[in-house]
Amino acid sequence: MTEHPTSHEGRQPLAARSQERTRPRQQDAAPAASPATAAIPNPAVAPGAGAGPAASAAPAGLDPQAAARREGDRLRFVGAATRRIARGIDLDEIVLGLCRASVPTFSDAILVYLRDPLPVGDERPVSPFVLRLRRSDRLRLSEEETESAPETERLRLPVIDPHGDLTPAAELCEVRSGGALAEVLRGVRPVFGDSAAARAALPELLGVGRTVPTGHRAILAPLRGRRRVIGAAVFLRGTERPSFESNDLLVAAQLATHTALGIDKAVLYGREAYIADELQRTMLPDSLPQPTGVRLASRYLPAAETARVGGDWYDAIPLPGSRVALVVGDVMGHSMTSAAIMGQLRTTAQTLAQLDLPPQEVLHHLDEQAQRLGSDRMATCLYAVYDPVAHRITIANAGHPPPVLLHLGGRAEVLRVPPGAPIGVGGVDFEAVELDAPAGATLLLYTDGLVESRLRDVWTGIEQLRERLAATARLTGPDHSPPLEALCDDVLDMLGPGDRDDDIALLAARFDGIAPSDVAYWHLEPEETAPGRARRLARRALGRWGLDDLSDSVELLVSEVVTNAVRYAERPVTLRLLRTDILRCEVGDDSPQLPRQRRARDMDEGGRGLFLVNRLARRWGATRLSTGKVVWFEMPTRGQ
């Protein structure tokens, strides 16, 4: 339990400062007041010098005007305190608002106990009913008391007894069913500490042996939310200050009610934000693939606390022919609905990518899917396909900020891509452009949260991003590209304190490409001699690359895959070998039927080809295309 001082030099709580503004009027009226009125303590001073606006009952003989002023002070305090409590968004801010509003204006010390764990919404509370001390606050000790108190005692809130002893309160309390504390909490209304109910309940709450000031110097106020009691607050005053009066029970009830309702809202908001954040994170890729000829890095940052949940996503999807699809998108809105729609659109994009559709066709089908999800389901998306063999990239855009290409020499340019309409508008065509993707260049895809905020428009942010990339590239020299991970971190460093209005998705791709000398490509007629010709072509290519030790295995697998393709193909079959850190073989034909591995019986003449591929290759697979299919397998090279 930690002490949270509220009395600092040169600084007073908000409620106390608000009372200072009324002080000149009260002092001006003092000469006309009766002697009893003149003895009323100043509402903004600390214990020993006076009491708060709800400090004490009017002394006997207090004139009606002074009593009315006192009641006005009490109402102004309640208004200021409830506003301070309502400003809190999360649980800790609301409890802190209650403590700082109460001490020292209303009480000398406060303890706030909350149910552990706190139930959420209609969730059934767990048993047993346990209260945990969530926060405590009191006036700062004097210098003499601070120097004489042990360090452990300075860090714990004392319960003030009438003789000045400082006894720490218990941090955990189990509320017994049918006990005195349970009865007070069930009654909801605050009670004085010297009432019969409180005298039995406070030792159960604070712990055996803990004492509170005698008389009307303690108030026990249950905290009841919308459906159930969620805690309790104890307000305490020392002996140097006037005791509480009956109207102070109403003040304590107001503070407790506003605090409990605020805690209810904070818990519900926290649960919703947590679920939406987890939902969004689970729908983002756990790790990026490692396709041939390109290196990838990504970042995702949730939005600021005022708008934590968004619909930003990114993805990298391997495609046939060693290509890779790069996707980044942003669903409009900040809610669990946005995160759920993001997940559906990302899944749809993955499915469409596996059909090897052109980028503009992928966006067209995403647009149709968004319209099926609802009339107001809109998103922006940028879809790009990189071919490391051709060193080209094809990009289609649906209302998304344009990508930035950082060249090897340090020049950064914003790519001219047709902007298109957002997904979900309907009835629009999307246009794709094909651009050069030179080796060593870096393509940066991002969402608008990186470049747009309340302090700058999107095009100003894009220009700042371009300048930042160019400056980073200059640090590594004209012949070296900046490290990809460090580049992503440096890009995020451009964000200022007021630039986090939206979540951010960032995907960076470093184009390494595949050299033409590492690619072998042939067309084979679908005839019986095709498997033999494929074996000879593969053997020659492996000999050129110095991979003769793989010839036997590769020839066997190429023969089996080509034989299967020739059986169903009506047009020429394609055979391609790619040499990088692995050897990849791709066989394409015009039949959409994907091969399936099966166990051949002893007397069967066929059915063992894919079994051999599965046993000898490091990886293999088959992908359906719009023009047929591709069957591929990978073999490790030397040293792997």
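Select S551 first: this residue is buried, with a relative accessible area of 7% (buried means under 20% relative accessible area, exposed over 50%, and partly exposed in between, with a 1.4 Å probe and protein chains only). S551 is found in helix α16 (helices are DSSP runs of H or I with at least four residues, strands are runs of E with at least two, and both are numbered from the N terminus). Leaving aside neighbours within four places in sequence, S551 is in contact with R539 and L542, where contact means heavy atoms within 4.5 Å.

The model in the viewer is predicted: local features need pLDDT of at least 70, side-chain atom pairs count only at pLDDT 80 or more, and totals for chains, interfaces and linings use all residues. Residues are numbered from 1 along each chain as its sequence is written, and side-chain values use heavy atoms, with hydrogens and water left out.

**The whole chain**

Before the next stop, display the entire protein. There are 17 helices and 23 strands in the protein. Of its 640 residues, 52% count as buried. Among contacts between residues at least 6 apart in sequence, 70% join residues at least 24 apart.

**Helices α16 and α17**

The crossing of α16 past α17 is left-handed, a term used if the near helix is turned anticlockwise from the far one by less than a right angle, with right-handed used if clockwise.

Show side chains here: L556, L557, E560 and V561 in α16 meet G609, L612, V613 and L616 in α17. By class, this contact of α16 with α17 has 6 nonpolar, 1 polar and 1 charged residues. Ala, Val, Leu, Ile, Met, Phe, Trp, Tyr, Cys and Pro count as nonpolar, Asp, Glu, Lys and Arg as charged, and the others, Gly among them, as polar.

**Helices α8 and α9**

Next, select residues 180–187, helix α8, and residues 196–206, helix α9. The two helices pack at an angle of about 110°, with their axes 7 Å apart. That angle makes α8 roughly perpendicular to α9: angles under 35 degrees count as roughly parallel, over 145 as roughly antiparallel, 65 to 115 as roughly perpendicular and the rest as oblique. Here too the crossing is left-handed, as α8 passes α9.

In α8, select A180, L181 and V184, which meet A197, A200, A201, E204 and L205 in α9. The residues of this contact of α8 with α9 divide into 7 nonpolar, no polar and 1 charged.

**Backbone features**

Most residues other than glycine have a negative phi, and most peptide bonds are trans. Which phi does V188 have? Its phi is positive, about 70°, although V188 is not a glycine. V188 lies in the loop between α8 and β6 (191–192), and V188 is partly exposed, with a relative accessible area of 32%.

Move on to D356, in the loop between α11 (336–354) and α12 (359–373). Phi of D356 is near 60°, a positive value in a residue other than glycine. At 16% relative accessibility, D356 counts as buried.

Two cis peptide bonds can be visited next. The bond from V103 to P104 is cis, with omega near 5°; P104 lies in the loop between α5 (91–102) and β1 (109–115). The bond from D116 to P117 is also cis, with omega near 0°, and P117 lies in the loop between β1 and β2 (130–138).

P125 is found in the loop between β1 and β2 as well. At 26% relative accessibility, P125 counts as partly exposed. Beyond neighbours within four places in sequence, P125 is in contact with R115, P119 and R228.

**The nonpolar cores**

Finally, turn to the interior. A nonpolar core is a set of buried Ala, Val, Leu, Ile, Met, Phe, Trp, Tyr and Cys residues joined through side-chain atoms within 4.5 Å. The largest such core has 51 residues, and those with the most contacts inside it are L326, L363, L366 and F511. Strand β12 (residues 379–387) supplies the largest share of this core, 7 residues.

Centre the view on L326. Not counting residues up to four places away in sequence, L326 touches L296, D315, A316, L382, Y383, A384, L443, L445, L507 and A509. A second, separate core of 35 residues includes F77, V120, F192 and V251.

How values were computed:
Axes fitted to C-alpha atoms, helices over the stretch in contact; angles between N-to-C directions.
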